[in-house]
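Hello,

The structure we spoke about is pasted below. My notes on it follow.

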Amino acid sequence: MADTSTPATRTAAIVGGNRIPFARSNTAYAQASNQDMLTATLDGLVARFGLQGEQVGEVVAGAVLKHARDFNLTRESVLGSTLAASTPAYDIQQACGTGLEAAILVANKIALGQIESGIAGGVDTTSDAPLAVGDDLRRVLISLNSAKTLGDRLKALSRIRPGQLVPDMPRNAEPRTGLAMGDHAAITAKEWEIGREEQDELAVRSHQNMAAAYDRGFFDDLVTPYLGLTRDNNLRPDSSVEKLAKLKPVFGKGEGATMTAANSTPLTDGASAVLLASDEWAAAKGLPVLAHLVDAQTAAVDYVHGGEGLLMAPAYAVPVMLARNGLTLQDFDFYEIHEAFASTVLSTMKAWEDPAFCKEKLGLDAPLGSIDRSKLNVNGSSLAAGHPFAATGGRIVASLAKMLHEAGPGKRGLISVCAAGGQGVVAILES
Amino acid sequence: MATTVLDAAPSLASLYAKAALTSRGRGGDLPDTHLARHGVTVDRDHLAAYARVCRLPLTDVLPATYPHMLTFPLQMALMTDRAFPLATVGLVHVRNRIEVLRGVRADEALDLEVWAERFAAHRSGATVDLCASATVAGQEVWRSRSTYLSRGAKAPDGAPEADVDVAVGALERTAATWRVPDDAGRRYAKVSGDVNPIHLSGLTAKALGFKRAIAHGMWVKARVLGALAGRLPEALEVDVAFRKPLFLPSTVALATAEVGGGWDVAVRNAGSGTEHMVGTVRPR
């Protein structure tokens, strides 16, 4: 239970969400900027809940891959949206945890009574990605800009070499290890002996679950079409284990490599937003309360020198949050474990079942145990939808809140999102 | 009235060439011709390029000015035809009114029709209105009226007085300052196909009597709508008067004032205050 010495606070309600369909890199949204997508997503949310011209307490969002010119991305998007221009906004960035962290920040301010309503969001484009000039060229250009005389300018220009003109492409790699995220995940998959087949099965189930959810209209009030797209274009309803078995591994090296393009998320473009509020604000507006954001936790691991897997931090964050709330891992009706890679989900669950890991790493007397797989990612997750980094959290929060609401009062859901830099963000929602 | 239906958009570059070659010997009254294209679909990449050059958000609803991209080539074809009484070279766009009857989605097939009307007398020549209409499944969704001035031309006897002005309030507060670069005309020409030499470079503009290249009026209009993104009703009327040319490069100031559920706007030179465009945006 919560520490009784802290002042009583309320929990923030999740009113609903909106996202645009997610698009694989360089497809439907190749021409759209982060600001275009975030603005369209906010406008869709505003339209859904009748907030045109209204001021909400705060809009918090972010992007992982961001142009320098987008320093105020969220505020700029708000100014271009149909929300009142008097709505404050700020940007955050916590890699793939950005979207969920934004929801936590908004929820915390609502819980403290500092705001009555807020929007949490996230957006990412890997198509309209920020290319940077190399560091050498950047230094030349800076000295060129500060040169006072023609001689100084010519001198600066004379330092430009052809090799410097190749731009720095953003890479999905860890700066400190130089390894792609997938290669990190492959190391963890090997350590936890995660097989190829179980990864492919998880991926297929994600596609099938999400396709079924679309078919029964689950996403009708969660997704607004954008630029001609009505569903996530990574979704493969006809995915099968037999088809996936034919793919060659792309991460990890040599014998025993298991991670393919199908059981790893692709580079994706998209945006999402969630409307949170106090119960009173929602009631005054006649808006529904789908669920409450009850608690949240972050954790980080030393994946550089400490020997822990890059994406294993949620395994550490969850038990801390469970203990604080007096819950066991089994006390949930739904589990939303972000499928950065199928192997990440499987490694995390295996770690929670492992007595040695739970004792030595988590300091627990007994393992957290296993979870009922029929409650896991029941409407699909990132392997099917794709994973526009900062937009994933908002997708999950809105979907889980709706699932809990449909299941009836008193239901509980767990969210677990791994992030670059060895971090994890987790949260509990309750209907 | 005769309506000619075209299968494809005419090439603006060749129409400008034709305009230059056929400017002599024009006269008479306006032709009763309508030009049309049916089932026109929007190229999403072109829409994205247009949004980028005009700083408009990229959405599934067409910017109010976008259908003009589709109707302007038809209007040029009408104007460059020998039956048209005024020489195209030297026509000055002095007023543009666009009505969005309802938001037009980028995936809707449009039937377009253009014609000329209202040959009118102006103190320094004559004006003519080039009209356009877009319908979806028989229902009109968008219409526009572009008024062009031909200096020194003479309207037929009994022609009405030209109507080229748009009244706006005082507009004393600057909302934004824009630096309009030297290549603004070339960039918009590349997207719009409006390669009128007066917009492309100092040299080509001088050949036609301007001291420097000038910005496209419709680009200025679109940028103003971009600056008001999120603050516009879906169905609206945007009526602007183009006053003095916006020479490139320039620094201009946008002034806005909320009026009657819409806006009054003015774009002026940031230093001299020379008025380039004034206009009104009203819900309808």
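**Helix H1 of chain A**

Just after H1(A), A:Gly50 adopts a positive phi of about 60°. The helix itself covers residues 34-49 of chain A, 16 residues in total, and spans 23 Å from its first C-alpha to its last, close to the expected 22 Å; the expectation is 1.5 Å times one less than the number of residues. Helices (H or I, at least four residues) and strands (E, at least two) are DSSP runs, numbered from the N terminus. H1(A) is mostly covered, with 14 of its 16 residues buried. Buried stands for 20 or more other C-beta atoms within 10 Å of the residue's own, exposed for 12 or fewer, and partly exposed for anything in between, with C-beta atoms placed from the backbone.

**Basis and confidence**

This is a predicted model, in which local features need pLDDT of at least 70 and side-chain atom pairs count only at pLDDT 80 or more, while totals for chains, interfaces and linings use all residues. Residues are numbered from 1 along each chain as its sequence is written, and chains are lettered from A and ligands numbered from 1 in the order in which they are written. The predictor gives the complex an ipTM of 0.88 and a pTM of 0.92. Chain B has a mean pLDDT (the predictor's confidence in each residue, from 0 to 100) of 94, and 100% of its residues reach 70 or more. Within chain B, confidence is lowest in helix H1 (residues 12-21), at a mean of 84, and highest in strand E8 (residues 236-242), at 98.

**Chain B**

Chain B contains six helices and 11 strands. Of the 284 residues in chain B, 44% are buried.

12 residues of chain A are in contact (C-beta atoms, placed from the backbone, within 7 Å) with 10 residues of chain B. On the chain A side, these residues divide into five nonpolar, six polar and one charged.

Regards

Conventions
Two residues are in contact if their C-beta atoms, placed from the backbone, lie within 7 Å. Ala, Val, Leu, Ile, Met, Phe, Trp, Tyr, Cys and Pro count as nonpolar, Asp, Glu, Lys and Arg as charged, and the others, Gly among them, as polar.
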